[in-house]
Structure formats: C-alpha cells, structure tokens
Amino acid sequence: MLLTAAVRGEAESQRSLAERFGVDRTVMTYLLDDLERAGLLERKPDPTDRRSRHIVATTHGKKRWLALRGRGELVEQHFLAALPAESRASFQSMLCMVASHLIEHGVNVDACAELDPSGESESTLPRSRRHSTR
C-alpha cells in the first residue's frame, strides 16, 4: 500500500501516510526505512516545509510495483472468474465502498469473532475444528 501510494504520487508525507493507513507514526518510519533500504522509495525534502518529506517511488520501486500489480491482477481474475463478466465491475466497486467505509470509520474488529455465535473465531479454534462447523 505504501509503494502504491508512492507510485501514484499520493504520499505527501510520512505523517499523512500514517494517518491514511492507521499506522503509528513510529511504525511508519520503520516501514519506510525498510522500503528505502530495499531501493523501492526515497524521501525527498518538501520545498515548502523543511520538516516534511515527500515519499516517492524510485525507478526500481516503480518496476517492482508493476510486476506485483500484474501478479495481483492474475489473482484477482482467478477469484472473480466465479462471477459473470458483467457483474465483476459492480462487485469490485462494492468491495471498494465497504473497504473505504471501514477505513473511514476506523473499524478494526475480528469479523469472524463478531459473526460466530459460539464466540470462537476461526483463528482461536484448534486446527482440527476449523471449517468443520461451516
């Protein structure tokens, strides 16, 4: 997500990225450090605010993003293959709306635990009981 924001020019600052993705600013710094060490992005000084840095993708970062995006599209096609072609765009649009709503409202719950009447989420069940009641 960070690399996507950098490639698209949507990474104004570390602070804005941290707020956008709901990540602690210190954690964001470590994530960006790792991506910068990998040569995928760099921090450039903001000409209007010397305390701020723009996050931009490097040439290597853009190439890597394109490769990953291509793989992601193949996975997406595989999952959406179950839907009629004319329904796929609507389904994707609705998923984006749900995701945007969750991000906007800071919803951070274990959906499986919320929906499971037994109070046990898949992750808390022993491996032998997972999916056995569904």
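Mentor: Start with a definition: helices, of at least four residues, and strands, of at least two, are DSSP runs numbered from the N terminus. Keep in mind that this is a predicted model.

Trainee: Fine. In what order do the elements of the chain run from the N terminus on?
Mentor: The order is α-α-α-β-β-α-α-α. That gives 6 helices and 2 strands in the chain.

Trainee: How many of the 134 residues are buried, as a percentage?
Mentor: Buried residues account for 19% of the chain.

Trainee: Take Met-28. What is Met-28 in contact with, leaving aside neighbours within four places in sequence?
Mentor: Its contacts are Leu-2, Gln-14, Leu-17, Ala-18, Phe-21 and Val-23.

Trainee: Let's move to the strands. In which sense do strand E1 and E2 pair?
Mentor: Antiparallel, over 6 bridges, with E1 covering residues 41-46. The two strands form a hairpin, and 2 residues sit between them.

Trainee: Which residue in E2 is the bridge partner of Pro-45?
Mentor: Arg-53 is the partner. Arg-53 also turns up in the contacts of Ser-13, together with Ser-52 and Ile-55, when residues up to four places away in sequence are not counted.

Trainee: Where does Ser-13 lie?
Mentor: In the loop between H1 and H2.

Trainee: Is Ser-13 buried or exposed?
Mentor: Buried, because its relative accessible area is 14% and the cut-off for buried is under 20%.

Trainee: New topic, charges. How many salt bridges does a search of the whole structure find?
Mentor: There are 8. One of them joins the side chains of Asp-34 and Arg-37, at 2.6 Å from N to O. Both residues are in helix H3 and are 3 residues apart, about one turn of the helix.

Trainee: Which residue forms a salt bridge with Glu-42?
Mentor: Lys-44, with the closest N and O atoms 3.5 Å apart. Glu-42 is partly exposed, with a relative accessible area of 32%. Lys-44 is partly exposed too, with 40%.

Trainee: What about Asp-49, which residue does it form a salt bridge with?
Mentor: With Arg-51, where the closest N and O atoms are 3.2 Å apart. Arg-51 counts as exposed at 73% relative accessibility, and Asp-49 as partly exposed at 24%.

Trainee: Now Lys-62. Which helix is Lys-62 found in?
Mentor: Helix H4, residues 59-80. Lys-62 is partly exposed, with a relative accessible area of 42%.

Trainee: How far apart are Lys-62 and Ala-6 in sequence and in space?
Mentor: They are 56 residues apart in sequence and 8.8 Å apart in space, taken C-alpha to C-alpha. As for contacts, Lys-62 has Val-7 and Ala-57, leaving aside neighbours within four places in sequence.

Trainee: Looking at the whole chain, what share of contacts between residues at least 6 apart in sequence join residues at least 24 apart?
Mentor: That share is 30%.

Trainee: Last one, the surface. Which residues form a nonpolar patch there?
Mentor: Phe-91, Met-94 and Leu-95, with about 280 Å² of accessible area together. Met-94 lies in helix H5, residues 85-104.

Trainee: Why does Met-94 count as partly exposed?
Mentor: Because its relative accessibility is 48%, and partly exposed lies in between the cut-offs of under 20% for buried and over 50% for exposed.

Notes:
Residues numbered from 1 in each chain as written. Predicted model: local features only at pLDDT ≥ 70, side-chain atom pairs only at ≥ 80, totals over all residues. Heavy atoms only, no water. Patch = residues over 30% accessible without salt bridge, like charges linked within 9 Å, V, L, I, M, F, W, Y side chains within 5 Å. Areas by Shrake-Rupley, 256 points an atom, 1.4 Å probe, with all protein chains shown as cover. Salt bridge = Lys/Arg side-chain N within 4 Å of Asp/Glu carboxyl O. Buried < 20%, exposed > 50% of the residue type's maximum accessible area, 1.4 Å probe, protein only. Contact = heavy atoms within 4.5 Å. Pairing = 2+ DSSP bridges.
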